Amino acid sequence: HSFCAECFSILTKDKRRFNNYERMKISCPVCREGNVIGNIMAVTCAEQLANADAIVGSYSPKIDEIIRCILRLRADEPNVKILIFSQWDSILSAIMPALKQNSIAYRVSFGKKFSKEIDEFKDSKLGVTCMMLSLKYAGKGLNLTEATHVFLVEPILNADEEMQAVGRVHRIGQTRETF
């Protein structure tokens, strides 16, 4: 059972006037089960964020978590290479400002300079961390063993396409563990 603090205050406002406050019940807003007010405790689910978990900006829970993961990976391994796949170019476009604002170097697969973008991602001297790829265009045929991590932004309904995307890094020539 959970209550937000403001709702709990409103639900118990009238009940606090009575002497038997500790034994009175209020209903859970989710399941409607009665809960003794005196047994309800205040807790928080917020974690203490490490420096790598503190991101600049707020986008959406999914994009925020992608950025946090990238920052944690980069803190552990400064030269980490990550592929980010999505079925929709609009989602990749939504991730780009978050990467830029958090000083994460990236390249994108859509556009006329596809092979140039891939070459820049592979070049370790340029320090490009992420390569964002459209699943429909870049999920097959590429050898990107420079990367060790693959992010699938949304569930991919076709298991073969998902395996193809993961296969960009987990293939012959890969000498490191892939995730």
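Me: What does contact mean in this predicted model?

Reply: Contact means heavy atoms within 4.5 Å.

Me: What makes Ile82 and Phe151 contacts of Ile70?

Reply: Heavy atoms within 4.5 Å make a contact. Leaving aside neighbours within four places in sequence, Ile70 is in contact with Ile82, Ile84, Leu99, Ile104, Thr129, Cys130 and Phe151. So Ile82 and Phe151 both count as contacts of Ile70.

Me: Which members of the largest nonpolar core touch the most other members?

Reply: Ile70 is one of them. Two or more residues come from each of helix H2 (61-76), strand S3 (82-86), helix H3 (89-101), strand S4 (106-108) and strand S5 (130-134). H2 gives the most, with five residues.

Me: What makes Glu77 and Arg176 charged residues of the second largest pocket?

Reply: Both line that pocket. Glu and Arg count as charged, so both residues do. The lining divides into three nonpolar, four polar and five charged residues. The pocket's volume is about 170 Å³.

Me: How do you know which element has the highest mean pLDDT?

Reply: H2 has the highest, at 93, and helix H1 (residues 5-12) the lowest, at 72. The protein averages 80, and 82% of the residues score at least 70. Where pLDDT is low, the predicted coordinates should not be read in detail.

Notes. Residues numbered from 1 in each chain as written. Predicted model: local features only at pLDDT ≥ 70, side-chain atom pairs only at ≥ 80, totals over all residues. Heavy atoms only, no water. Core = buried A, V, L, I, M, F, W, Y, C linked by side-chain atoms within 4.5 Å. Buried < 20%, exposed > 50% of the residue type's maximum accessible area, 1.4 Å probe, protein only. Helix = DSSP H or I, 4+ residues; strand = E, 2+ residues; numbered from the N terminus. 1 Å grid on protein atoms, 1.4 Å probe; cavity = no way out; pocket = protein on both sides within 12 Å on 5 of 7 lines; lining within 4 Å. Points joined across faces, edges and corners; volume = space filled by probe spheres on them. pLDDT = per-residue confidence, 0-100.
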